[in-house]
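Here is a short walk through one protein chain. Keep the sequence and the 3D view side by side as you read.

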Amino acid sequence: MLASLFDICTPRKDVLGGIAESDFAADLAQVLRGSAPREYQDPALFFANTHPTRGLRNLLSNVCLRLKGSSDQTSAIFRLDTNFGGGKTHALIAMAHVAKLGATPPPKSLI
């Protein structure tokens with residue numbers, strides 16, 4: 001029998017305290033308007049809670065190349081093709097934060 005998640009690691013206090021489904025309802029429009037919950041609105045907090053998958057790191061790297069004008073480095077069109085709940089909105093929020101940060105170095109978790 002496999003060990004449960006709680007047998008292998010200790011979740012953070014906010015996880016142990018209970019998470020509402022609405023915590024997972026990311027809304028790109030709210031982030032762009034500045035009305036999103038703090039976990040999505042604050043870039044430092046958003047990236048602190050974001051696991052930097054290879055796909056997300058590659059996507060952000062390619063977007064940054066395009067934003068700085070390196071058209072020969074990558075395509076101008078990115079296809080975000082994932083299953084429902086696969087992170088498309090999360091990736092779009094990450095791109096919005098990176099675009100707003102400009103010359104600010106990316107979070108260390110994404111390097």
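The paragraphs below take up confidence, then an aromatic cluster, then a threonine and an arginine.

The protein has a mean pLDDT of 80, and 80% of its residues reach 70 or more. Where pLDDT is low, predicted coordinates should not be read in detail.

Now turn to the aromatic rings. How many aromatic pairs does the structure hold? There are two. One joins Tyr-40 and Phe-46, with ring centres 6.5 Å apart. Their planes meet at 50 degrees. An angle over 60 would count as edge-to-face and one under 30 as stacked, so this pair is tilted. The other pair is Phe-46 and Phe-47, whose ring centres lie 5.2 Å apart. Here the planes stand at 80 degrees, so the pair is edge-to-face. Phe-46 takes part in the tilted pair and in the edge-to-face pair. Tyr-40, Phe-46 and Phe-47 form one aromatic cluster.

Tyr-40 has 11%, so it is buried. Phe-46 has 2% and is buried too. Phe-47 has 1%, and it also counts as buried.

Where does Thr-50 sit? Its place is the loop between helix H5 (43-48) and helix H6 (54-67). Thr-50 is buried, because its relative accessible area is 7%, under the 20% limit. A polar atom of the Thr-50 side chain lies 2.5 Å from the backbone oxygen of Phe-46. Which residues does Thr-50 touch beyond its neighbours within four places in sequence? Thr-50 is in contact with Leu-56 and His-90.

Finish with Arg-79. This residue is in the loop between H6 and helix H7 (88-101). Is Arg-79 buried or exposed? Its relative accessibility is 71%, so Arg-79 counts as exposed, the cut-off being over 50%. Compare that with the 7% of Thr-50, a buried loop residue. Arg-79 and Leu-59 are 20 residues apart in sequence. In space, their C-alpha atoms are 9.8 Å apart.

Note on methods:
Residues numbered from 1 in each chain as written. Heavy atoms only, no water. Helix = DSSP H or I, 4+ residues; strand = E, 2+ residues; numbered from the N terminus. Buried < 20%, exposed > 50% of the residue type's maximum accessible area, 1.4 Å probe, protein only. Polar contact = N/O pair within 3.5 Å; in protein donor to acceptor, adjacent residues only side chain to side chain. Contact = heavy atoms within 4.5 Å. pLDDT = per-residue confidence, 0-100. Phe/Tyr/Trp six-rings, centres within 6.5 Å; stacked < 30°, edge-to-face > 60°.
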